[in-house]
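Here is my note on the model. Please read it with the structure open.

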Amino acid sequence: MAQTAAAPDTAPLRKSGAQADEAGPRHRWWILAVIGLAQLMVVLDATIVNIALPSAQADLGFSDGNRTWIVTAYSLAFGSLLLLGGRIADLFGRKPAFLIGVSGFAAASAVAGAAVNFEMLVAGRALQGLFGALLAPAALSLLTTTFTDARERAKAFGIFGAIAGSGAAVGLLLGGVLTEYLNWRWTLYVNLFIAAFAIVGGSMLLQRTARDRTSKLDIPGTVLVTTGLFSIVYGFSNAESHDWSSPLSWGFLTAGAVLLAAFTWWQTKASHPLLPLRVLLDRNRGASFTAMLISSAGMFGVFLFLTYYLQLSLGFSAVQTGLAFLPMVGALMVSATMSTSFLIPRVGPKIVVPLGAVLGAVGMVWLTGLGLDSTYAAHVLPPLLVTGFGIGLIMAPAMSLATSGVATDDAGVASASVNTMQQIGGSIGTALLNTLAASAATSYLVGKDPADKLNQAHAALESYSTAYWWSAGFFAAGALITALLYRRGVPAVDADAAPTVHM
């Protein structure tokens, strides 16, 4: 069954008089720069603090067990509140949501950077996640409603996808540089400079949109999805620090699944649903959400464990490790812009996105051959380039198609769904791969002298290889699922047609 949205949903994009022409606002490319800066800030903070953790731990004196909460506090708040943030942007305006999100993120970064104890640092990171959950969907929905010309939209999403996909690697580089040459606090203070440009640019360039005063916030849906996502992220975080058999792991994961199932049921009954199911049930959009979820889980195989390998096995410094990822970032940017501007308009996503997932799997399998005597140029760089090229073919098209054809009133929550998939995928990947890698290292040392340095080094290689194989499995599954889900042919790009949702 097909439902056709009312034409007025798209009218504001084309009839805003002095604000816009046929292609969108006059300063739309400057708007893209502002939105890109804000998105970079959010993505950076998923990894930029990682390299600084040992320094922060030594300075503030917290335990190894508490160290994971510096990362978990951010991901818990960010992942569980994204859908609420997206709907707030839809109901109360994307410009105020964007500016409040950026300002709050900067203030939270200042609090975390000035932390005098562990509790203050965790509180600052949690506040970063909270304001990031408001900022990220507002940024992506602003991009969706700013670029209405199909060709320009493709270029814009190529750039935005490259930022989203490469931000984690850039975070590793920037975190290493700031920690080595300044101190760990600057991995948080750097957000103040980024936010200053985003706030000034957003205030000057973004146009305030009319809010729909007839819509209301879905309170029951908000409670169900927020607690459900919190439970999922918290459960996977506990699996990493505890064990899968722990009630703190399976108990929260089970509760999260039940709560999300209840949320899905409630969305069919609510008069003002938080996440209208029409946003999810388009085939191309569903395939894009799946691609974001699975590829984000697989990406951590390269970002996390290759970082360990370069530093612990090859002896790279923090800065050298960050620089080692730059070629991958370059390959990702090239393929991201090429995929949306050239490939998708010609062959469609059914070929492009699965191809990217296949390349990701090939790169991961290639990395399993790394040893103690491997070199960067001959053994690390080639699979890194292949993986980066593959991720670019996934991220940019998936982001674009996940928000394409969505009614203007649903742009924020659709954008939040994309970010949620990326965040949940990353949480699943981190917990699962860490657990599997640790088990592989333990199994390798059975019957061997665990104090022997060479045995320890080979056990580490075994753990990395296990993570790469599982990451390859994630990408391979993504290739199969997206090849089945995406529609054949080139997506419709008629800007004058009302969005059609296939139920």
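The points below cover the overall fold, the cores, the aromatic pairs and a surface patch.

1. Basis. This is a predicted model, in which local features need pLDDT of at least 70, side-chain atom pairs count only at pLDDT 80 or more, and totals for chains, interfaces and linings use all residues. Residues are numbered from 1 along each chain as its sequence is written, and side-chain values use heavy atoms, with hydrogens and water left out.

2. Overall. The protein has 17 helices and four strands. These are DSSP runs numbered from the N terminus: helices are H or I with at least four residues, strands E with at least two. Of the 503 residues, 56% are buried (under 20% relative accessible area; exposed is over 50%, partly exposed in between; 1.4 Å probe, protein chains only). Among contacts (heavy atoms within 4.5 Å) with a separation of 6 or more, 83% join residues 24 or more positions apart.

3. Main core. The largest nonpolar core has 92 residues. Such a core is a set of buried Ala, Val, Leu, Ile, Met, Phe, Trp, Tyr and Cys residues joined through side-chain atoms within 4.5 Å. Helix α11 (residues 283-313) supplies the largest share of this core, 14 residues. Phe325 is among the residues with the most contacts inside the core. Beyond its neighbours within four places in sequence, Phe325 touches residues including Val302, Phe303, Leu306 and Leu384.

4. Aromatic pairs. There are 10. Rings of Phe, Tyr and Trp (its six-membered ring) pair if their centres lie within 6.5 Å; planes under 30 degrees apart are stacked, over 60 edge-to-face, the rest tilted. Tyr74 and Phe105 are edge-to-face, at 6.4 Å centre to centre and 90° between the planes. This pair links helix α4 (residues 64-92) to helix α5 (residues 94-113).

5. Tyr234 is buried, at 16% relative accessible area. Phe252 counts as partly exposed because its relative accessibility is 27%.

6. Surface. Tyr181, Leu182, Trp186, Leu192 and Phe193 make a nonpolar patch of about 530 Å². Patch residues have over 30% relative accessible area and no salt bridge; like charges are joined within 9 Å, nonpolar side chains (Val, Leu, Ile, Met, Phe, Trp, Tyr) within 5 Å. A salt bridge is a side-chain nitrogen of Lys or Arg within 4 Å of a carboxyl oxygen of Asp or Glu. Areas come from the Shrake-Rupley method with a 1.4 Å probe; for residues, only the protein chains shown count as cover. Helix α8 (residues 186-205) gives the most to the patch, three residues.
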